[in-house]
Amino acid sequence: MKLAVQIRDLSKTFIQGIIRKKRKKALKNISMDVPEGSICGVLGPNGAGKTTLLSIIAGILIPDKGNILVFGEDLYSTKGIKKVQNFINISSGHANFLWNMTVKENFHYYGMLYGIDNKERNKRIEELIDLFSLNSYKDVRFSELSTGTKQRLSLAKAFINDPKIVLLDEPTVGLDPDVAMDIRRIIKEFHKKKDITFILTTHNMEEAEELCDEVSFIFDGQIRVKGRPKELKKKFNIGDRIIIELKEGHTFSKDFFISGLLNISISNSYASIVVDDHSIRLPEIINRFIKEGIQIKRMEIRKADLEDVFISFSR
Amino acid sequence: MSSSAFRDEIVKTNAFLFKSWIIAKRDIFGLFEVLFWPLISFLSVGFLSDFASLSSDMKGFILIGVISMNTIQVCQLDVAYVLLYDIWSKALKHSFVAPIGIRHILIGSMVVGIIRGGIVFLILAFLSQLIFHFNILVPDISATSLFLSGLFLNAAIVGILVSILVLTIGYKAEVAAWSVVSLMFLICGIYYPISILPHWAQIIAKTLPLTYFLEYYRIFYGFTPSCSDVLVKGCFLLFLYLILEIYIMHLSLKRAKQSGMLLKLSE
């Protein structure tokens, strides 16, 4: 497995105040590997250190200690950072670009920063405008765009230099659900089409589960747990929750059991059952109830998500 | 340097030229900076000189000063604003994620500054002849070019200083874009020879290259400079400050990346 990013013992402390007395440890000895071509999620609550980590990988924040290799290049050597900056790019939630420039002019400006000549730049800009459905906005100034369109532009700009790594800092934060879904669709499409490594920060568990091959939970500047979303759910014994309420006169037997059962709590006619996979276990439960003549009043299914993992390990 | 590396340098430099140009042409206040304020200050001083019945020599002395001042003021704003544009748009980090150097930022913005400063110089030179019958182009083309280059590089010194302050203390440095240059004008001999300043101010004036460039150009109008070799001293100080400032700007950028200021300026 070839690694796109290799981080070892990364630490960062911010020093604030006039007499530089206030210290906030943003990252504490973080180590992580990001395989080439993967989507790696960095999850955690606000202030956990996600953006700090991403900014260090982007080369705009210098750590106090630690090493980062990006495709084998030492990011914080003078030569290394120049090379890495050519094939890395970033897109942030709460997108901000030069407000007085149009979409197309912003593309040109950021394209020029990567030394892309006029002919190649025009070609790429046309491609990105098409891919990100920005055609009707190309001559609109940034300040006049809607939040969703700004976000699409921010994402599109991250591909202007044909990068090998794209850093996505909360790409759907503050967006309406339909716009967020669209952004996630674009990320997936791009990942499929091009062999790009993505590192994504989010506090949206559903988003991470949908997009990421591997996730790292960061809390108080430390990576507390990492792994594939499915493996993590298994590791933390987290499954789908089936909530069943029976009709009057029917009760659950206290020794109710089915295969794949992870947890159960029963209170007369009400049960909250946690199973490994609801799509397999639910038909089994229903068949059993039919056989036993038990009638269901209400049923609810809650799919397990990474939020449960987060709650579980932060306890 | 290979031809592709050279092309790369040109394109990156052009990015800042492009940005400054687009913003300058869209900004209505930009028009004020280039035309309104320079004209107001030039005409006020010119009419005041007429009202005070100054001799043509004295009027020339003051008009050289006021034309130089406005040329520098307009030119330096482009360098001073190059990072401020990004900061006001909260987009600074996106520029520094890209593989650019300070040279690209400074040269690109300086080209726009020279164009705008040059326009101001030509407009005021024309009006000076037309309204006040004073010809600022008396010296030959090489002396005028040298003088103008000096003005533009003095503007660069002020602009870079503002950028250093922006990277070091952030938004608060905004005010420096106008005030640093005003302080310089106070003691460099724009409206009066530095000999009338208090002794301590004369010492400061002699550490500023603009003082020598103004004295150099006024020699062609019959004024005696405060010392010999004014051009050599002016050029020496100019290049010394430029080298020092570019070095300090590199350090400021590194420090901004260490302290998180670069991120803070993008939020």
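View 1. Glu189(A) is partly exposed, at 32% relative accessible area, and so is Arg185(A), at 36%. (Buried is under 20% relative accessible area, exposed is over 50% and partly exposed sits in between, with a 1.4 Å probe and protein chains only.) This is a predicted model, so local features need pLDDT of at least 70 and side-chain atom pairs count only at pLDDT 80 or more, while totals for chains, interfaces and linings use all residues. Residues are numbered from 1 along each chain as its sequence is written, chains are lettered from A and ligands numbered from 1 in the order in which they are written, and side-chain values use heavy atoms, leaving out hydrogens and water. Arg185(A) and Glu189(A) form a salt bridge, their closest N and O atoms 2.7 Å apart; the term means a side-chain nitrogen of Lys or Arg within 4 Å of a carboxyl oxygen of Asp or Glu. The two sit four residues apart in helix α6 of chain A, so about one helical turn separates them. (Helices, H or I and at least four residues, and strands, E and at least two, are DSSP runs numbered from the N terminus.)

**View 2. Asp182(A) meets Arg152(A).** This salt bridge has an N to O distance of 3.9 Å. Asp182(A) belongs to helix α6 (residues 177-193) and Arg152(A) to helix α5 (residues 147-157), both of chain A, so the pair ties together parts 30 residues apart in sequence. Asp182(A) is partly exposed at 22%, whereas Arg152(A) is buried at 13%.

**View 3. A buried pair in chain B, Asp86(B) and Lys19(B).** The side chains of Asp86(B) and Lys19(B) form a salt bridge at 2.9 Å, N to O. Asp86(B) is in helix α3 and Lys19(B) in helix α1 (residues 3-26) of chain B, so parts 67 residues apart in sequence are tied together. Relative accessibility is 1% for Asp86(B) and 0% for Lys19(B).

**View 4. Val112(B) and its surroundings.** Val112(B) sits in helix α5 (residues 102-132) of chain B and is buried, at 0% relative accessibility. Leaving aside residues up to four places away in sequence, Val112(B) touches Leu17(B), Ser20(B), Trp21(B) and Asp78(B), where a contact means heavy atoms within 4.5 Å. Its C-alpha atom is 6.7 Å from that of Asp78(B), 34 residues away along the chain.

**View 5. Where chain A touches chain B.** The contact takes in 37 residues of chain A and 34 residues of chain B. Together they bury about 3,100 Å², 62% of it on carbon and sulfur atoms; buried area is the accessible area (1.4 Å probe) that two parts lose on being put together, summed over both. Ile60(A), Met112(A) and Leu113(A) supply 21% of the area that chain A buries against chain B, more than any other three residues. One salt bridge crosses the interface, linking Glu105(A) and Arg26(B) with closest N and O atoms 2.7 Å apart.

**View 6. Helix α2(A) and its buried residues.** Gly80(A), Ile81(A), Val84(A) and Gln85(A) are buried in α2(A). Looking down the helix axis, the buried residues fall within an arc of 125°, so they line one face of the helix; the arc is that of the directions from the axis to the C-beta atoms. Thr78(A) and Lys79(A), on the other side, are exposed. The buried residues of α2(A) pack against α1, β4 (65-70), β5 (73-74) and β6 of chain A, along with α4 (92-97) of chain B.
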